[in-house]
Amino acid sequence: MLKKLLIITFIFIVSHLNIARAEDSLPILSGVGGEFTAMNADGIEVELSSFAGKVLVIAFGYTNCADICPFTLGYLKRLYGELSVEEQQMMRMMFVTVDPEYDTPEHLKAFIGHFNKDFIGLSGTQEQIDYIVSLYQAEYNRLSVLNIPTQNIRRVTPKLFADEKSAKEDSASLYSHSVTLYLIDKEGYTRSLEYTGTPIEVFTGKIRQLINEQ
Amino acid sequence: MKIKSILIIILCFVGAAPISAAPTEVEQRVEYATSLNTMASTIMNWYGSLIEPDQKNSFADVDKQWDEYRSLYPRGISQIQITSTDLIKLEQAHSYQFTVESLINYGANGQLMTSKHREQFIFHVDLFSEAHIEAVIRDTVKESQAVELQGKGRFYYKIRQFSYAWLAYLDGVEGREFELSQGHEPALYTLKIGSKEIQGTLLSTLAERQQFLAKGGHVLRQLEVRSIDEKSNIVTIELIAEWKGLNHIAKPVLAKIQQEIKVKMSDDQLWQIRAIKEQHLLPDIAPWIGLLC
């Protein structure tokens, strides 16, 4: 009888302590993200679940982006540099292109490599990319569709064309896109939304919290 | 003997630990959301039923004890606009003070008149989360310049009465009657959470939804009437609610829930839910959410 009472009391305490601890942690953002398939920089198909057990930071962009993408990747590089080698092994930085037509796995690899060779670039078919964008409720639009003149916008990685005609017809390769950085836990749940304005120490704190989570 | 000693130590620890006595944040959230929703639904019934009756929108009878108080409202009320509300939890357990300020339009001698009201409703929410009005205090009544109040008739309050009662029902309050079928066809409930899509009868989808949103509370953030089928009296409502709580494995969850609900408002106080489509949107946790560059 006493033994039973002891077990019940123990379960009661543990469950209450767990709830109290759970309330202090980052909440799962319901409906943001989920399982997807994409092509990594080596041209191999990967799924989100391929990274189970790692904390992820996912950003959307494209290599022709002249402004926010290089800035974002620079920010992610600094963020990554603040983590210890052990912590770096427990997490991955991901850059998902919104321009899969131009950003082939090879192209993406070269671009990402300028920032950090550990970073993962993801491309895929247009359908795969659109699905990932919709899962994370991100957004992107071709600037040409929005009637924004793009010919004078500086490009970080100038697009190469086989001939002048193709270059002239290329009016659709600049985009506006979401700037959100998605923090994903080891089980694939989105746990926080950040941006390049988040202080580095705040963001690393959240990454560490998820790395250390049981 | 040894077990007895351990048990005593543990019980002392439990007694000393405030965590065992104080409600957790999620328990407070559940109490807040269910109380708010049941009280708000009662308030909507109170004001909606003050407006001159029409053919389509009936309300539940308000307890007779309030007849005298309600007789002090002007006659011939056509519209009511709630201009502000304030909810305070009182010291007495499960008791709340709901202060409502409103503009009331009524006709007198063929003229449109408006009066300003400030009233305090004292509620007691029972163990089954039913909200009971314990007292109503009339703070102020002032005649005002006639103001045109568009679209604040019985239908407006009927929709809100339903929406708050529905959110309370989602949080486990059983007091309200919802008919979850159309003849022999059960109401269809489609739920999209990220890459998961669940489709089934209302009850089966709610049961599956439980694993994602196990213990917490819905708070209404936005409500719009998308369409009205005058012939069948079927209304399509879009509501957005915020949900905070725990999932089935006690992990904290935050959700911005969008529901499109097709509901038939019947005269006999029964809400016939025909279909629900639900998806979870990007929560508004920062001002830059949704920003494009």
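Modeller: Strands E4(A) and E5(A) pair in the parallel sense over seven bridges. Strands are DSSP runs of E with at least two residues, helices are runs of H or I with at least four, and both are numbered from the N terminus. Two strands pair if DSSP finds at least two bridges between them. This is a predicted model, in which local features need pLDDT of at least 70, side-chain atom pairs count only at pLDDT 80 or more, and totals for chains, interfaces and linings use all residues. Residues are numbered from 1 along each chain as written, chains are lettered from A and ligands numbered from 1 in the order written, and side-chain values use heavy atoms, leaving out hydrogens and water.

Colleague: Which residue of E5(A) stands opposite A:Val57?

Modeller: Strands of a sheet pair through backbone hydrogen bonds, either parallel or antiparallel. Here A:Met93 in E5(A) is the residue opposite A:Val57. On to the next pair: E5(A) and E6(A) run parallel and are joined by three bridges, with A:Phe95 opposite A:Gly121 in E6(A).

Colleague: In what order do the five strands of the open sheet lie?

Modeller: The order is E6-E5-E4-E9-E10 (chain A), with mixed pairing. Strand E6 (120-122) and strand E10 (190-194) of chain A are the edge strands, each pairing on one side only. E4 (residues 55-61) and E9 (residues 181-184) of chain A run antiparallel, joined by three bridges; A:Ile58 stands opposite A:Tyr182 in E9(A).

Colleague: Which strands does helix H2 of chain A touch?

Modeller: Contact means heavy atoms within 4.5 Å. Helix H2 (residues 68-81) packs on the sheet, touching E4, E5 (91-97) and E9 of chain A, and its direction makes about 175° with that of E5(A). Such angles run from 0 to 180 degrees between N-to-C directions, with axes fitted to C-alpha atoms, for helices over the stretch in contact. Helix H5 (residues 126-135) of chain A also packs on the sheet, touching E4, E5 and E6, at about 120° to E5(A).

Colleague: Why is E5(A) described as largely enclosed?

Modeller: Buried means under 20% relative accessible area, exposed over 50%, and partly exposed in between, using a 1.4 Å probe and protein chains only. Six of the seven residues of E5(A) are buried, so the strand is largely enclosed by the rest of the structure.
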